[in-house]
Amino acid sequence: MMTPLLTLLTAGCQTVTPGNVVLAVSATAPEESRYSVIRGGRYWPSPNVDHYDIPTTEQRAVWARSVTEGEAADESITFAGLDGQPVNVDIGVAYIVAPTDEAIVGLAKKYGPRLDQVIDGRVRDSVRNALNLCAGVYSVEQLYGEKKGALMECVRDKVHGEYEANGLLVERLTLNSEIRLPPKVAAAMEARITASAEADQVRREVEKVRAQGEKEVAAAQASSEALRLSAEAEAAADRLRSEAITPTTLRLKELEVQAAYAAKWDGKLPVTTLGGGVPLLDLRLGE
């Protein structure tokens, strides 16, 4: 059974929750021993010591226009590109505190013990500054299009490099919205995109007509070539037939006719009204 004294002592103690350490900051201790890190177990609050929970797992913050993500206010970030046109985005940041006690104490000494205030204050300012620096070499159209990835990589590298040495590791930066453009810029870009799409459609139709025309020309050429070859072949055949008609071929034809006539003869001579047989005619052509 717990004694009254033990009950009194344990009633006010606090527990270090899993996934956190506790940073203790003494208001009365010398500077070199003012900060300490409590890992696991329980601790007792003191009127001269402030305690701050420090998460040891990756955390995430979102700075968004919508009040349903992040804080109940517009925290989106506006920056400008090469042409000076302002653009607006929602940004997410994933971060983790370096695991050693030395890094945690160093982070608190450098930026203060309230990690949430560091992230939403100083780190957010660093992200906005990096966005302006990294976007300064790209036009609005490039930022809206093919250079978004390069922009975010540049920003992440700058922010990570700024805080890594002080115990805060910025792991990832994410673009949590489309890049919002000024209305006039968006309308002009939309008009150019539409005009480009229409021009592409016209080019495709022209190519289709050209291809169809080339197909028809090729077909006509093939048909003409076929007619030419057919005419040449017929002329060549006529020439061969003409060259083949010689006295010899005519005599052979004559003999073929006589043979055919003889094959049909019944052995009787033709009879006229005057009687008597009529000799076979000599069908040979003059030689």
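The side chain of Asn-88 makes a polar contact with the side chain of Arg-180 at 2.5 Å, where a polar contact is a pair of N or O atoms within 3.5 Å; within protein, one must be able to donate a hydrogen and the other to accept it, and residues adjacent in sequence count only if both atoms are side-chain atoms. Welcome to a predicted model, in which local features need pLDDT of at least 70, side-chain atom pairs count only at pLDDT 80 or more, and totals for chains, interfaces and linings use all residues. Residues are numbered from 1 along each chain as its sequence is written, and side-chain values use heavy atoms, with hydrogens and water left out.

**The chain as a whole**

- The secondary structure comes to seven helices and 10 strands; helices (H or I, at least four residues) and strands (E, at least two) are DSSP runs, numbered from the N terminus.
- Of the 287 residues in the chain, 25% are buried, a term that means under 20% relative accessible area, with exposed set at over 50% and partly exposed in between (1.4 Å probe, protein chains only).
- Taking contacts between residues at least 6 apart in sequence, 70% join residues at least 24 apart; contact here means heavy atoms within 4.5 Å.

- Asn-88 lies in strand E8 and counts as buried because its relative accessibility is 7%.
- The side chain of Asn-88 also makes a polar contact with the side chain of Arg-65, at 3.3 Å.
- Not counting residues up to four places away in sequence, Asn-88 touches Arg-65, Ser-76, Ile-77, Thr-78, Glu-178, Ile-179 and Arg-180.
- Asp-90 sits in the loop between strand E8 (86-89) and strand E9 (91-97), and Asp-90 is buried, since its relative accessible area is 5%.
- The Asp-90 side chain reaches the backbone nitrogen of Arg-65 at 2.9 Å.
- Leaving aside neighbours within four places in sequence, the contacts of Asp-90 include Trp-63, Ser-76, Thr-174 and Ser-177.

- A search of the whole structure finds one cavity of 30 Å³ or more. On a 1 Å grid over the protein atoms alone, a cavity is a set of points where a 1.4 Å probe fits but cannot get out, and lining residues have an atom within 4 Å of a point.
- The largest cavity has a volume of about 40 Å³; grid points are joined across faces, edges and corners, and the volume is the space filled by probe spheres set on the points.
- Its lining consists of Leu-23, Ile-54, Ile-104, Leu-107, Ala-108, Gly-112, Pro-113, Leu-115 and Val-118.
- By class, that lining has eight nonpolar, one polar and no charged residues; Ala, Val, Leu, Ile, Met, Phe, Trp, Tyr, Cys and Pro count as nonpolar, Asp, Glu, Lys and Arg as charged, and the others, Gly among them, as polar.
- Helix H2 (101-111) and helix H3 (115-135) each supply at least two lining residues, and H2 gives the most, with three.
- The buried residues of H2 are Ala-103, Ile-104, Val-105, Leu-107, Ala-108 and Tyr-111.
- Gly-112 follows H2 and has a positive phi, near 110°.

**Nonpolar cores**

- The largest nonpolar core holds 44 residues, of which Val-127 and Leu-168 touch the most other members; such a core is a set of buried Ala, Val, Leu, Ile, Met, Phe, Trp, Tyr and Cys residues joined through side-chain atoms within 4.5 Å.
- H3 provides the largest share of this core, nine residues.
- A second, separate core has five residues, among them Val-16, Val-22, Ala-24 and Ile-38.
- Beyond four places in sequence, Leu-168 touches Tyr-95, Ile-96, Val-97, Leu-107, Leu-115, Val-118, Ile-119, Val-123 and Tyr-163.

**Two more residues to look at**

- Pro-55 is found in strand E5 (residues 49-55) and counts as buried because its relative accessibility is 15%.
- Not counting residues up to four places away in sequence, Pro-55 touches Gly-19, Asn-20, Val-97 and Leu-115.
- Pro-55 and Ile-96 are 41 residues apart along the chain, with their C-alpha atoms separated by 7.7 Å.
- Leu-133, in helix H3, is exposed because its relative accessible area is 52%.
- From Leu-133 to Leu-151 the C-alpha to C-alpha distance is 9.6 Å, across 18 residues of sequence.

Conventions: On a 1 Å grid over the protein atoms alone, a cavity is a set of points where a 1.4 Å probe fits but cannot get out, and a pocket is an open set with protein on both sides within 12 Å along at least five of seven lines; lining residues have an atom within 4 Å of a point.
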